[in-house]
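Visitor: Please take me through this structure, and then look closely at one part of it. I would like to hear about the salt bridges.

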Amino acid sequence: MKGDYTFGLSQSIPTLGGMMFKVGEKLYELIYPKLLVDDITWLNCKYIAKREIDFSTSPPTIGSEELFDIESASGISNPVVPHRTFMGYDADNDAILMFVSNKSGNTGSKAFAGSTVKLLSIKRDFSSYTIEINDVISLAKTAYSGIDKILMFAHAWRIGGLGVAAVGTYAGSSEVSIILKDTGSGWVAERHNERYDFIQERVEPIWDGSTFLGFLTEGHGTNSLWVKTDGSVQAGAPGGLFTTEPVYDPINNQVIWIEWGSGTGATQHIWTAPPSDPFNATDKTPSGTLTDNEGNSIDLATCNKANGHILSDPFGSKLLMYIYRGGLPEKVGRILAVDLSISNPELVYDPNGSDKIQINGILRCFDLTANKLAPVPLIIAEVLET
């Protein structure tokens, strides 16, 4: 992506996450949580925000920020949002889907572990909202009565009459593999431990060309699921031993899987697969090392790979992901980029040459005309700091 590929990623994507919408040939909307992320208010989100970005001008024209009051809509004082993946999209009703909770006593990513969890549906134009599920924990209990909390993860989408939510459900300290599903008659909870009884962490819609095929889940311990358009569920994984995270690539019409979770130096893979057979994947894990600005030698095979994004600029498109371990000091992360053929790995630096940046959230772009995922324009990351 040539010399300007650094594009100021550290100023935006690490703290935003959320949903982007392609509403015209060069017109986009970005909807994102207004997070408070210091040690006291981690994951607190009283508002979500929206900006319109017009790429028909140079530089792009950025609209004013419009706010929606999550606290008032949910009825939860100082609500918190899930870790990493903050919102999904209801393409059938043109609405943002977003889980919120009261804060537990924990800090960091475990703040989303309160006694109350709700699923909100907020119209994309912020004109109205509904509470789709008022008590997510009680609904999850209908699939397994021992569930007593939802920890860290909760994420929902709806397309073509199929709604799917991944929830990090626990019974005491034990994980329970639960999804929520709506095929038109309301949300129900289902336990899917056909493979393992490990939690579901996120959902990713997939297509074969223009044909919607359902949702893949990011499954802890390779416990991923494919929820097909008829509502049936297939458990599987592309391989590996750890959390398998799917990223749909709309440019090459492929599913890219990335892997994270090892603390012992095991290979953390990257695979590609056809959307029609997403668990039948080809190992594309890069090998060799890269050296960051602090002199750390990063093993491209063993570094953990998470928070994948398909991002594009006028020079091409890349998969960006957060990496850690594999030669990096503990609790230190970097951003790794590869071509969509999973080649030419490189580290991403901000305009000042710093490599001390990371992707904390998941950002997806939805093309309203094509009714499917689209790549995120890279320039967004730089212009939003103005």
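Guide: We start with the whole chain. Its secondary structure comes to three helices and 30 strands. Helices (H or I, at least four residues) and strands (E, at least two) are DSSP runs, numbered from the N terminus. The radius of gyration is 19 Å, close to the 21 Å that the globule rule gives for 386 residues, so the chain is as compact as a globular protein of that length. That radius is taken over C-alpha atoms, and the globule rule is 2.2 Å times the number of residues to the power 0.38.

A word on the source. This is a predicted model: local features need pLDDT of at least 70, side-chain atom pairs count only at pLDDT 80 or more, and totals for chains, interfaces and linings use all residues. Residues are numbered from 1 along each chain as its sequence is written, and side-chain values use heavy atoms, with hydrogens and water left out.

The C-alpha atoms fill a box of roughly 50 × 45 × 45 Å along the principal axes. Of the 386 residues, 57% count as buried. Buried means under 20% relative accessible area, exposed over 50%, partly exposed in between (1.4 Å probe, protein chains only).

Now the salt bridges. A salt bridge is a side-chain nitrogen of Lys or Arg within 4 Å of a carboxyl oxygen of Asp or Glu. By this rule the chain has 23 salt bridges.

Take Glu 204. Its side chain meets that of Arg 202 in a salt bridge, 2.8 Å from N to O. Arg 202 counts as buried, at 1% relative accessibility. Glu 204 is also at 1%, and counts as buried.

Glu 204 forms a salt bridge with Arg 364 too, with the closest N and O atoms 3.1 Å apart. This pair links distant parts of the chain.

Another pair is Lys 318 and Asp 339, whose side chains meet at 3.8 Å, N to O. Lys 318 lies in strand 25 (residues 316–324) and Asp 339 in strand 26 (residues 333–339), so this pair ties together parts 21 residues apart in sequence. Lys 318 is buried, with a relative accessible area of 5%.

Finally, the network. Salt bridges that share partners join Arg 84, Glu 201, Arg 202, Glu 204, Glu 218, Glu 245 and Arg 364 into one network.
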